[in-house]
Amino acid sequence: MLLLGCIKEVSDYELTISLPNGLSGFVPVTQISDAYSKLLTKQVAQGELLKELHSLPDMYSPGTLVRCIVTSIEKSADGRRSVKLAIDPKKVNKGLSSTALAAGMLLSGSVLSVEDHGYLIDIGVTGTHAFLPHQKAKNYIKAVKKGPDLKIGQNLNCLIVEVKNEGRVICLSVDRSEVAASIATERQNWTLSNLLPGLVVKARVQKVAPLGMKLTFLSYFTGIVDFMHMDPEKSTSYSPDQVVKACVLSVHPTSRAVRLTLLPPFLHAGGAPRQLPGERMGTVLEEATVKAFDKQFGAIFELDDGTLAFARLKHLSKTRKSFKPGAFKEGCKHKCRIIDYSLMDEMCVVSLKHQIIEARFLQYQDIHTGDVLQGKVLSLKPIGMQVKVADGIRGLVPSLHLSDVILKQPEKKYSIGDEVKCRVLECNPGGKKLILTLKKSLVQSKLPVLSNYEDAKPGLITHGFVVCAREFGCIVKFYNDVKGLVPKNELGSEPLSCPDKVFYEGQVLKVMVLKCEPQQERLLLSFRLSSKPGPEDKWKCTPKEKQEVKYQIGEIVDVKILKKKDNGLEVSILEDEDNVVAWIPKLHLSDFVATSKLLWHCLQEGDVLPRVMYLSDKGEHIILSRKSAVISAVQEEQVVRSFSEIQPGMLLTGYVRNVMPFGVFVEFPFGVTGLAPKVSMSDKFVTDTKDHFVVGQTVIAKVMSIDEEKQRVLLNLKVSECSSGDSAAESFALLNQYFKELEEIRDLLRRGEPSICELVPGKRVHLVLQDVKEDGSALFSGSSVTGLTVTATRYHLGDKNIAPGEKRKAMVLHVDALTSEVYVSLREELLKQRPKRVSMCSVFGVVCSCRG
């Protein structure tokens, strides 16, 4: 099918074409012309740029009319149809022969070569040589402003000026005034097999209907003008036998149906349709009035400025089932949003769908660098992951940005259809280029987004990612391809001999701007965030920036609890004039997981916790730890500060960060992480890793091996392998710390729940039976257990039957301070036994290997 289209967008690889009736099509770079395709093939084969091969943006501009032929209609996985087109003259003009060529004809041509006196033009007609003199191209070249000469592959609207040797040689003109004045006539012998879109003809109205007209032209041709292509100022004044000027829009090869347009911009060959003002795109209109409705195509609306808009049938309701034709009678009003503009119809395209009206992004222009957005995974390829942001908007997550660490098998983490949260690294609306990142450190960063060199003020602290680590330092990149150098002396507090051993490609780090030269696009950076800029580089740091660089890992501080949350404590650092706020995760309150939960339960807002260690500055707060073993390891310098310091055989104190079926990830102070595989987790056979370790548990790990290239550490957690020699001393020290913390918990409980502190396993108490449950267990009360739930199982009630209200003597078996539950026994054989000294471990419902 032959169509007249208008170039809507131009990229390096395709032309987006606006087609009649609000449709769009795409011309791939391989469907421009034979000469252009040959240059592309040659360039690929040679592997170097060819001077004579120009990019599509160098030759084509939006708003230019072109003749197209439909080559295929492709259907995507989500059911969307994509119209593929060609503007190659060999395909568009295939109905023409050399004998049919006549002076005054208008047809498509493509520059074949540049000669001394003009250009050889490919018009796609076998046996015909077409020539365009320089003089006939001069004014056109000046008007299109694409350089001093026409370029190979450039598509032209050509007028035949002269035909020689029975059509074997023709002379052409592309002068805009000559082309615009041309009108197709009977003398040019046009037939249905070679009739071309874009021809301007004189036509006679044969029949006028509510949704269009039937015309005759060139003596024996019949064409249709639909309601969208009638001149809006004359739509009510057309009458039979009236002579009008019309332009051929399309020619169907099988049905031989010809469609025409009467819109003014097309009534001069080579004209240019009007464009929609940029600010109107995406506008939401509260009331648009229905002007006409067709059950096969859609509805025409009148907008607030008096212009007309078209909504396709699928955009009139959420689903076909919910569509109600009665709501689109003439005069009805609806809320809609402008989603596109059809250049060929000179009409806005609108949608009434609620999800489109409410959509955050409608086009690439709506997206800005640094925006955080939701997307859906479309595909996984070697170069990265394609993500759908909205209808018609897709972005690429490069392989480097799929995670904070490099993923060798991303398909194990991501699946087609997954919802992902990402951040915009770069957005080029013109080229429909959207680059995204999934690195959590960047997505969740609250620091300023550095997207241009002008904003890089000395002292600014922000997040960037390493793209290169060499002996001279690191190259760090930010948003919109802004990048800078961290010289070797600014990589850390200690000099590094081999930066490439410490830093890796894709690593997200905080950096501070030292110096910037925007005009030269040069940026000097530092990883030493505590470095203070000189007087000439003053930059006002926010309170958050101050708190991030004020403390060093390992520094001991006292804190006051501000707020208790389910997963930890929000605290303020005492003796700090800036009232710095920090965070203690629940599992960092103690080396022992059960004790951490008890401490959190007993602590109250306003309590002061002494000797808490600065651990890191992840997320929004400084992270603190109260793990004694971890604090001791840092103070005694039994830690590694970077990957380069790790050596096989080292014993390191850390804490479990994650428990996976294949092993346990252990994190150490200063951020180094290692993996203990399943076979190296325990001296016992491991069936389920969760039976041996829990997240937050403090552990001592032995370094088995390191992989410098992949920055990986393998660990051993077997008790037999992780002893420094004096295992007895280590065990007693750990046990001593455990009892100290239990004593602290007991003191805290006394102020809020004093009764529970007096209850220890083995103690005799007098109780009153309150109720007997269906399972045979009983509930008790008593003055010594006020506010507590006291239970005896059926077995521990003994052989005697008791009734509610009876008083009985019982022995305390177990106390759970977290749930305020006490378990007792009424069995005679237990009550007769001599009271024994019990371990404090059982008082608080925790498991310990010590003996009472």
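Visitor: What makes the charged end of Lys586 count as sitting over the ring of Trp600?

Guide: In this predicted model, the charged end of Lys586 lies 4.4 Å from the centre of the Trp600 ring. The cut-off is 6 Å, together with an angle within 35 degrees of the ring normal. Lys586 is therefore listed as sitting over the ring.

Visitor: Which distance goes with Lys564 and the ring of Trp600?

Guide: The charged end of Lys564 sits over the ring of Trp600, 4.3 Å from its centre. That value is within the 6 Å limit, so the description applies to Lys564.

Visitor: Where is Trp600, and is helix H10 mostly covered or mostly open?

Guide: Trp600 is one of the buried residues of H10. Helix H10 spans residues 593-602 and is mostly covered, with 7 of its 10 residues buried.

Visitor: Why is the pair of Phe217 and Phe221 called stacked?

Guide: The structure holds 8 aromatic pairs. In the pair of Phe217 and Phe221, the ring centres are 5.3 Å apart and the planes stand at 15°. Centres within 6.5 Å make a pair, and planes under 30 degrees apart make it stacked. Both values meet their limits, so Phe217 and Phe221 form a stacked pair.

Visitor: Why is the pair of Phe662 and Phe665 called edge-to-face?

Guide: The ring centres of Phe662 and Phe665 are 6.0 Å apart, and the planes are at 90°. The distance is within 6.5 Å and the angle is over 60 degrees, so the pair is edge-to-face.

Visitor: How do you know whether Phe217 is buried or exposed?

Guide: The relative accessible area of Phe217 is 1%, and buried means under 20%. Phe217 is therefore buried. Phe221, at 2%, is buried by the limit of 20% as well.

Visitor: What makes Phe662 and Phe665 fall into their class of accessibility?

Guide: Phe662 has a relative accessible area of 44%, and Phe665 has 23%.

Visitor: Where does Phe662 lie, and which residues does it contact?

Guide: Phe662 is in the loop between strand E36 (651-660) and strand E37 (663-667). Leaving aside neighbours within four places in sequence, Phe662 is in contact with Leu675, Pro677 and Lys678. The C-alpha atoms of Phe662 and Asp688 are separated by 9.1 Å, although the two are 26 residues apart along the chain.

Visitor: Which residues are linked into a cluster by ring pairs?

Guide: Phe293, Phe301, Phe323 and Phe328 are linked in this way.

Visitor: What makes E6-E7-E8-E10-E9 a barrel with mixed pairing?

Guide: The 5 strands run as a closed barrel in that order. The twist averages 50° from one strand to the next. Strands E7 (residues 118-122) and E8 (residues 129-133) pair in the antiparallel sense over 4 bridges, whereas E8 and E10 run parallel and are joined by 3 bridges. Strands E9 and E10 are antiparallel, with 5 bridges. At least two bridges are needed for strands to pair.

Visitor: Which residues face each other as bridge partners around E10?

Guide: Ala130 stands opposite Ile170 in E10, and Val163 has Ile170 as its bridge partner in E10. In the hairpin of E9 and E10, with 4 residues between the strands, Asn165 takes a positive phi near 50°.

Visitor: Why is E10 described as largely enclosed?

Guide: 4 of the 5 residues of E10 are buried, so the rest of the structure largely encloses the strand.

Visitor: Which strands close into a barrel that includes E17 and E18?

Guide: That barrel has 5 strands in the order E16-E17-E18-E20-E19, with mixed pairing. Neighbouring strands are turned by 50° against each other on average, direction ignored. Strand E17 (residues 298-302) pairs with strand E18 (residues 308-312) in the antiparallel sense over 5 bridges. The bridge partner of Ile300 in E18 is Phe310.

Visitor: Which residues have the most contacts inside the largest nonpolar core?

Guide: They are Ile121 and Leu215, in a core of 54 residues. A second, separate core of 45 residues includes Leu609, Ala778, Phe780 and Ala810.

Technical notes. Residues numbered from 1 in each chain as written. Predicted model: local features only at pLDDT ≥ 70, side-chain atom pairs only at ≥ 80, totals over all residues. Heavy atoms only, no water. Buried < 20%, exposed > 50% of the residue type's maximum accessible area, 1.4 Å probe, protein only. Helix = DSSP H or I, 4+ residues; strand = E, 2+ residues; numbered from the N terminus. Axes fitted to C-alpha atoms, helices over the stretch in contact; angles between N-to-C directions. Core = buried A, V, L, I, M, F, W, Y, C linked by side-chain atoms within 4.5 Å. Contact = heavy atoms within 4.5 Å.
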